[in-house]
Amino acid sequence: MNQKNVTLLWKPLMKNLSLCSVLDYIVEHNTSENIVWSDYIENDTTYTFSWSEDIHSVKILAVNSIGPSSVNCILTLSQQISTVNIVKTLNIYPMNSSCIIMSWILLPMDYVVTFFVIEWTNLNGEEQIKWITAPSNARRHHIFDNFILIEKYRFSLYPVINEGVTKPTIIEGFSKDGIEKQHDVNFYVILPLMISCSFLLLGALLILQHRIK
């Protein structure tokens, strides 16, 4: 079985939503070979481990002065499910330098999506990978960041189902059809303005001509 390095990234609750500060994190492992172990992470939100089993589940617990959290995130990694592609199309539409729209269409399937993970990174720099989650019923999502539209970005969409994380769909750069559609929108906005201005100009000329007479 091929061995892969997996890096977990997570975000703690915002201070206004958490009851107390987190001291440490615990990552619990459970494999299809019935091997169970835990690793303690001191005040960090990244963790890398090796994955070679057919199925490998990880649970992240937050620890404070009272003890570990009772409601936790569980993520399942499956060698078989990681090769399953359920995304038909993926497009990236730039709105402006601070907002990008990602839209996607799923293939017909029997799986139930629990949520999506969206990743993006600037390929021209050394920025860390940024990510957000989207609900299971989403088919488009706004991504807010400081984008440099002339530079190249990589966007990834990970559908997560009950059985595990499926194969990601990756796109580099912005969708050309998205830019063209954006141009079409601008054209349709400008066209009524031009027509309105023409009518205003024609009306002004008629009034001026009437006054001269």
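Guide: Let us begin with F49, which has a relative accessible area of 7% and is therefore buried. Please bear in mind that this is a predicted model.

Visitor: Is Y47 buried or exposed?

Guide: A residue counts as buried when its relative accessible area is under 20%. Y47 has a value of 11%, so Y47 is buried.

Visitor: How many aromatic pairs does the structure hold?

Guide: There are eight aromatic pairs in the structure. One of them joins Y47 and F49, whose ring centres are 5.9 Å apart with 25° between the planes, and this pair is stacked. The rings of F147 and Y153 make an edge-to-face pair, because their planes stand at 70°, with the centres 5.3 Å apart. The cut-offs behind these words are under 30 degrees for stacked and over 60 for edge-to-face.

Visitor: Into what do ring pairs link F147, Y153, F155 and F174?

Guide: Ring pairs link these four residues, F147, Y153, F155 and F174, into a cluster. Within it, F147 is buried, with a relative accessible area of 5%, and Y153 is buried as well, at 2%. Elsewhere, a charged side chain meets a ring: K11 lies over the face of W131, 4.6 Å from the ring centre.

Visitor: Which residues touch the most other members of the largest nonpolar core?

Guide: The general idea comes first. In soluble globular proteins, nonpolar side chains tend to be buried together. Here the largest nonpolar core has 24 residues, and those touching the most other members are M102, W104, I118, I143, F155 and L157. Two or more residues come from each of β7, β8, β9 (113-122) and β12 (153-161). A separate core of 15 residues lies apart from this one and includes V6, Y25, V27 and V58. To return to I143, its contacts beyond four places in sequence are S98, C99, I100, M102, I118, W120, I132 and F155.

Visitor: What is the order of the strands in the open sheet of three strands?

Guide: A sheet is read from strand to neighbouring strand. In this one the order is β7-β8-β11, and the pairing is antiparallel. Its edge strands, β7 (87-96) and β11 (140-144), each pair on one side only. On average, neighbouring strands are turned by 20° against each other, direction ignored. Eight bridges join β7 to β8 (residues 99-106) in the antiparallel sense, and I92 has M102 in β8 as its bridge partner.

Visitor: Which strands stand at the edges of the open sheet of four strands?

Guide: That sheet runs in the order β3-β2-β5-β6, with antiparallel pairing. β3 and β6 (73-78) stand at its edges; each has a single partner strand, so one side of each is left without a neighbour in the sheet. From one strand to the next, the twist averages 20°. β2 (residues 24-31) pairs with β3 over seven bridges in the antiparallel sense, and E28 stands opposite S38 in β3.

Visitor: Where does N43 lie?

Guide: N43 lies in the loop between β3 (36-42) and β4 (46-51). With a relative accessible area of 62%, N43 is exposed, since the term applies over 50%. Its C-alpha atom is separated by 6.9 Å from that of Y25, 18 residues apart along the chain. Leaving aside neighbours within four places in sequence, N43 is in contact with L23 and D24.

Notes:
Residues numbered from 1 in each chain as written. Predicted model: local features only at pLDDT ≥ 70, side-chain atom pairs only at ≥ 80, totals over all residues. Heavy atoms only, no water. Pairing = 2+ DSSP bridges. Axes fitted to C-alpha atoms, helices over the stretch in contact; angles between N-to-C directions. Phe/Tyr/Trp six-rings, centres within 6.5 Å; stacked < 30°, edge-to-face > 60°. Buried < 20%, exposed > 50% of the residue type's maximum accessible area, 1.4 Å probe, protein only. Lys NZ or Arg CZ within 6 Å of the ring centre and 35° of its normal. Contact = heavy atoms within 4.5 Å. Core = buried A, V, L, I, M, F, W, Y, C linked by side-chain atoms within 4.5 Å.
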